[in-house]
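Student: I am new to this one and would like to learn how its terms are used. Could we go through it together?

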Amino acid sequence: MAPHSQTGHPKLGDFAASSMADAQGKWLLRENPARPDELAGRIRRDSPADVLAAASAAAAAQREWAALDFETRADTLRMAFGSVEGIDTLARTMASEMGKPVGECAGEIRFALAFAADMEGRARRLLADDVRGEGPGRRVVRRAPYGVIAAIVPWNAPIILAMTKIAPALLSGNAVLVKPSPFAPLTLSAIVAMIAAHLPPGLLRAVNGGAETGEALIGAPEVAKVAFTGGGTVGRAVLEQASRRFIPSVMELGGNDPLIVLEDFAPTTARMEALVWASFLNAGQVCMAAKRLYVHEAVAERFVDAYVETARRLLHMGDPLDPRTNIGPVISAQAQGRISRVAAQARCDGGMVVPLLNDFSDYPEQGYFVAPQLVTGLTDNAELVRDEQFGPIVPVVTWRDEADVRRWAATGDCLSASVWSSDAERAWDLAASLPAGLCLVNAHNRSGFSFDLPFGGSGPSGFGREYGDEGLLEYSMPKALHQPATGSVASAYPGKA
């Protein structure tokens, strides 16, 4: 099988083939996608036996961790998260292993640490005992940890997508075993080790490997919940394995996210820049990127002209370690080939491919680079519109009737969706009607993100939530404690004395 599912996320079963491995299979060797003949680094592969031992150690550590009062856990974690240092060096490693521009890598690490601080405040409020009712007796709802959490993380935003699992899980009294993607294991494993050094031994650990490592992790008897971010094909396999053990899961599975432009849209500089980054942040390899743009025919020509001008001014492709670069390579040769095939099919489907780089003189001669492209002239049933591309190519589809665009936007997997208009109330009403987990007005991707809001999918794009209060509460169970008042038990049975 190819190393990417239809949604563009890597498959667990193909990691070993897509990452380099030494002859003995003891190490994962990660190539630099900007310079494939260069090794970004290597990390030791964990065998299934290693994973089972880690799960056993995590369970022992978790029991002692959960017995601590919340303030002790919070103080310990504040110190542990604060121990992450050398962010600029970590960012360079991250840029080398996954191709994201170095400035974006540093920003992701800082964002992840800010998220952890936000979770601490929420945990202090939400994990306190909830006393129910008044009068005699005691009725309390207490949040109880699950035990050991398996966190399975993709390559495209490894630090924040791990932290959305690590921080709330640890604050809630769980242990966490993190499985990074072999496409980006180096930086995440280093950060996990930094944090873990300040925690009880075994409480937090990264386990590295391919399909056999992931399967061993989900199958470990001590694992009580799985938190997965990735493609639908792998997500289904993870869910099936977890369900055989009756353990719950959080699934964020990406989506083919729509962006709708209404006929009254005004193409200001700020809005056009936000629109370009809605699709091309991290070379389009973002689960909540705008993957298909639906633009009203009355403003389509002006919109495309403004979009192309803005993109050619903003986008600078090159070596991710160059601070001038803001769009790097895609993750692998397979991804590069897949996106090239999608672009060729778009031409066959009647699309006109518009290049979005202003100057090709600096186009890299090696590496898995794909020039950013806008495609016009497609209908809603074209492959590029119908299926998530997960790369730097985005279609524009024109529309006239609002009923049509509502129906088009509602098809496929919608993790997020947005509406752009000068009439905020009309846009709000339309956005609220779309079947996505996150619905936005005049914002999309990073420009529309908030720590306060739960983030997650709808239907095939997943279930469960990260961020916000809801994201914290995913990692504990409500436990009811009741001491009835003396002589009150009989009153619970109508008709009895």
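Student: Where is the place of Ser189?

Tutor: Ser189 sits in helix H7 (residues 186-196). Helices are DSSP runs (H or I) of at least four residues, strands are runs (E) of at least two, and both are numbered from the N terminus. Before we go on, a word on the source: this is a predicted model, in which local features need pLDDT of at least 70 and side-chain atom pairs count only at pLDDT 80 or more, while totals for chains, interfaces and linings use all residues. Residues are numbered from 1 along each chain as its sequence is written, and side-chain values use heavy atoms, with hydrogens and water left out.

Student: Why does Ser189 count as buried?

Tutor: Its relative accessibility is 11%. Buried means under 20% relative accessible area, exposed means over 50%, and partly exposed is in between (1.4 Å probe, protein chains only). So 11% puts Ser189 in the buried class.

Student: Which residues does Ser189 touch?

Tutor: Leaving out residues up to four places away in sequence, Ser189 touches Ile43, Pro180, Ala206 and Asn208. Contact means heavy atoms within 4.5 Å.

Student: What makes Asp319 and Arg35 a salt bridge?

Tutor: Their closest N and O atoms are 2.7 Å apart. A salt bridge is a side-chain nitrogen of Lys or Arg within 4 Å of a carboxyl oxygen of Asp or Glu, so this pair qualifies. Asp319 lies in the loop between helix H11 (300-314) and helix H12 (333-348), and Arg35 lies in strand S3 (residues 35-44), so the pair ties together parts that are 284 residues apart in sequence.

Student: How many salt bridges does the structure hold?

Tutor: The structure holds 30 salt bridges. One of them joins Asp387 to Arg386, with the closest N and O atoms 3.7 Å apart.

Student: What makes H3 roughly antiparallel to H6?

Tutor: The axes of helix H3 (residues 70-82) and H6 come within 9 Å and cross at roughly 150°. The axes are lines fitted to C-alpha atoms, for helices over the stretch in contact, and angles run from 0 to 180 degrees between N-to-C directions. Angles under 35 degrees count as roughly parallel, over 145 as roughly antiparallel, 65 to 115 as roughly perpendicular and the rest as oblique. That makes H3 roughly antiparallel to H6.

Student: Which residues meet where H3 and H6 are in contact?

Tutor: Phe70, Arg73, Ala74, Leu77 and Phe81 of H3 meet Met163, Ile166, Ala167, Leu170 and Leu171 of H6. The residues of this contact divide into nine nonpolar, no polar and one charged. Here Ala, Val, Leu, Ile, Met, Phe, Trp, Tyr, Cys and Pro count as nonpolar, Asp, Glu, Lys and Arg as charged, and the others, Gly among them, as polar.

Student: What is the strand order in the open sheet of six strands?

Tutor: The order is S8-S7-S6-S9-S10-S18, with mixed pairing. Strand S8 (204-206) and S18 stand at the edges with a single partner strand each, so one side of each is left without a neighbour in the sheet.

Student: How do you know that S6 and S9 pair?

Tutor: Two strands pair if DSSP finds at least two bridges between them. Five bridges join strand S6 (residues 148-152) to strand S9 (residues 223-229), and these strands run parallel. One of the bridges has Ala151 and its S9 partner Ala227.

Student: Why does Phe280 count as buried?

Tutor: Phe280 has 0% relative accessibility, so it falls under the 20% cut-off. The place of Phe280 is in helix H10 (residues 269-280).
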